[in-house]
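Please look through the sequence and the model shown here before reading on.

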Amino acid sequence: MKILAIDSSGLVATVAIVEDHNLIAEYTIHHKKTHSQTLMPMLEEVKNMVELDLNSVDAIAVASGPGSFTGLRIGAATAKGLAMGLGKPIIEVPTLEGMAYQMYGSQALVCPIMDARRNQVYTGLYQFVEDENGYRMEALKEGCACDIMECIEIANSFEMPVMFLGDGVPVFEALIREHATVPVYFAPAHRRLQSAASVGALAIEFAKKERFTEAKDHAPEYFRMSQAERERMEAAKKA
Amino acid sequence: MTTNKDIYILAIESSCDETAAAVVKNGRTVLSNIISSQIDLHTLYGGVVPEIASRKHIEKINQVIEEAMKEAEVTMDDIDAIAVTYGPGLVGALLVGVSAAKALAFATGKPLVGVHHIEGHISANYIENLELEPPFMSLVVSGGHSHLVVVKDYGEYEIIGRTRDDAAGEAFDKVARAIGLGYPGGPKIDRVSKEGNPEAIKFPRAKVGENIYDFSFSGLKSAVLNYLNGAQMKGEEVNVPDVAASFQKAVTDVLVEHAIHGAKEYNFKKLAIAGGVASNSSLRAAMQAACDKAGIAFYHPSPIYCTDNAAMIGVAGYYEYIKGARHGWDLNAVPNLKLGER
């Protein structure tokens, strides 16, 4: 199973080729250029560097949300275009699960936090549980959008050490240290943000369970309505 | 390169609230023209909501492309190049089409050609008028644009007049809202005006400073709003068809006068209109009459090619393609892309 993986849900643009247990290529940048300018040139460079025959790819994995609305759509449109052109399926990897999977085997619980502004985060809480194949990742709290204080409460509630990662860390680290009642850790640079290698590796596991999506049916999970929809619903409630 | 091979362009357009794809043969024959309109959704909000438009584009983009290929009875093997609108427009909306087009071109090894949306609108005239070739004068009027353009050659343009404030279609939307007709304003005002007297109310025809070809519609819009306020203060009932017809006449008069003046001044015997407002029946009739009087051949696309569509992008893309225009994988959406720039 050979996977071409993409994650453009945050500030990082990252693409990877993962084949079964091998990471063939990963290209990740954290720079100010827009994903529209970076993602495809990166993919072309990866393709050329590893002499990739695109037709040998079995599926396109994409971080499916949450994240920046525009970033998610650039990733989704890219994945959909690639999948349509190659006649291959898409594997939707929830952004938070892709991030958490980087910490495979962690004894601490894993809590990705993505800054969603105004003290909100996109977050989830994951645990690596030993089984006959090594570890499997289980969600103690499925991905959601919530206030950072609620997120810290959830992290505290299992009375186990928690490893935080994501672009919410620099924003909320002090607050987390202040309110944590369990030991907390913060992932180092190479595990801090999104990684297409991790998305691809988790997609290999999803593929074993046939979690494929037709290219035309894929759309991001935003976790939030658009502002216009929210305002319209609030107005309707008041009326 | 052989000269007798047919050229097939797959075109994608997502600059505003229509998700569209088309297949065009040799720049003039439309083999398919699929448009998924979101208008009902945006009507709830009284105008296009960019985030909602972008969300709909990503849901529909593959179906629309697949349908265009199926209806044209072609496969990717037949396609010579992929053309896509990369500006101007809503950035989030443009990005869906641009990203999908790039990935599809990359996956299939096809050349990528970015197209200017307005160049597409002008090129819509080539579809049904096989004899039409540059140079000619063109008036582009839509919800976002009001341009008087000299089409020097395929892909070569000079804008001689532009709006100083509101676009013509924008003025239609705003006035339609003010007189309670709702969104989208253009077709609604067009319909209601048929019942009204265009001479009933004398609204101003804006003159704009130094450039005689420039437009201004915000003064006219204010005049309509003032008229409505005045009537309300005096407790008079407003005759909506009369207001609509008189407003429409004021817009039409200015558009016709500038376009005809430009055509005469630049010595063109051909005038083509384009863009959503080019569907307006009053504008078409007035422009036809003025052209007949001036001995100018008048061209206009069918309504389906006036609205945002991908067939027009395929036509413009074809002429860019045969001139050798290609874009790289770093092609970005450019929301304020200028005509004639790349």
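**From domains to a single strand**

In chain A, the domain assignment gives domain 1 (2–95 + 194–228) and domain 2 (96–192), where domain bounds come from an automatic or database domain assignment. This is a predicted model, in which local features need pLDDT of at least 70 and side-chain atom pairs count only at pLDDT 80 or more, while totals for chains, interfaces and linings use all residues. Residues are numbered from 1 along each chain as its sequence is written, and chains are lettered from A and ligands numbered from 1 in the order in which they are written.

The centres of domain 1 of chain A and domain 2 of chain A, taken over C-alpha atoms, are separated by 22 Å. Where these domains touch, 17 residues come from domain 1 of chain A and eleven residues from domain 2 of chain A; two residues are in contact if their C-beta atoms, placed from the backbone, lie within 7 Å. On the side of domain 1 of chain A that touches domain 2 of chain A, helix H7 (residues 196–208) of chain A gives the most, with four residues. Helices (H or I, at least four residues) and strands (E, at least two) are DSSP runs, numbered from the N terminus. Sorted by class, that side of domain 1 of chain A has nine nonpolar, six polar and two charged residues. Here Ala, Val, Leu, Ile, Met, Phe, Trp, Tyr, Cys and Pro count as nonpolar, Asp, Glu, Lys and Arg as charged, and the others, Gly among them, as polar.

Chain B is also divided, and its domain assignment gives domain 1 (8–124 + 306–322) and domain 2 (134–301). The C-alpha centres of domain 1 of chain B and domain 2 of chain B lie 27 Å apart, and their contact takes 13 residues from domain 1 of chain B and 20 residues from domain 2 of chain B. Helix H1 (39–43), helix H4 (117–128) and helix H11 (311–322) of chain B are the elements that give two or more residues to the side of domain 1 of chain B that touches domain 2 of chain B, and the largest share of that side, five residues, comes from H4(B).

How many residues does each chain bring to the contact between chain A and chain B? Chain A gives 29 residues and chain B gives 32 residues. On the side of chain A that touches chain B, the elements giving two or more residues are helix H1 (35–49), helix H2 (69–86) and helix H8 (227–238) of chain A, with the largest share, 13 residues, coming from H2(A). This side of chain A has 14 nonpolar, nine polar and six charged residues.

The largest nonpolar core has 184 residues, and those with the most contacts inside it are A:Ala5, B:Ala11 and B:Ala22. Such a core is a set of buried Ala, Val, Leu, Ile, Met, Phe, Trp, Tyr and Cys residues joined through C-beta atoms within 7 Å. A residue is buried if 20 or more other C-beta atoms lie within 10 Å of its own, exposed if 12 or fewer, and partly exposed in between, with C-beta atoms placed from the backbone. Helix H3 (residues 91–108) of chain B gives the most to this core, with 13 residues.

Turn now to a sheet of chain B, in which five strands form an open sheet in the order S8-S7-S6-S9-S10, with mixed pairing; two strands pair if DSSP finds at least two bridges between them. Strand S8 (156–162) and strand S10 (297–299) of chain B stand at the edges with a single partner strand each, so one side of each is left without a neighbour in the sheet. S9(B) is joined to strand S6 (residues 136–141) of chain B by four bridges, running parallel, and S9(B) also pairs with S10(B) in the parallel sense over three bridges.

Why is S9(B) described as largely enclosed by the rest of the structure? Five of the five residues of S9(B) are buried, so this strand is largely enclosed. In a regular strand the side chains alternate between the two faces of the sheet. B:Lys270, B:Ala272 and B:Ala274 point one way from S9(B), and B:Leu271 and B:Ile273 point the other way. B:Lys269, in the loop between helix H8 (240–265) and strand S9 (270–274) of chain B, is partly exposed, with 13 other C-beta atoms within 10 Å.
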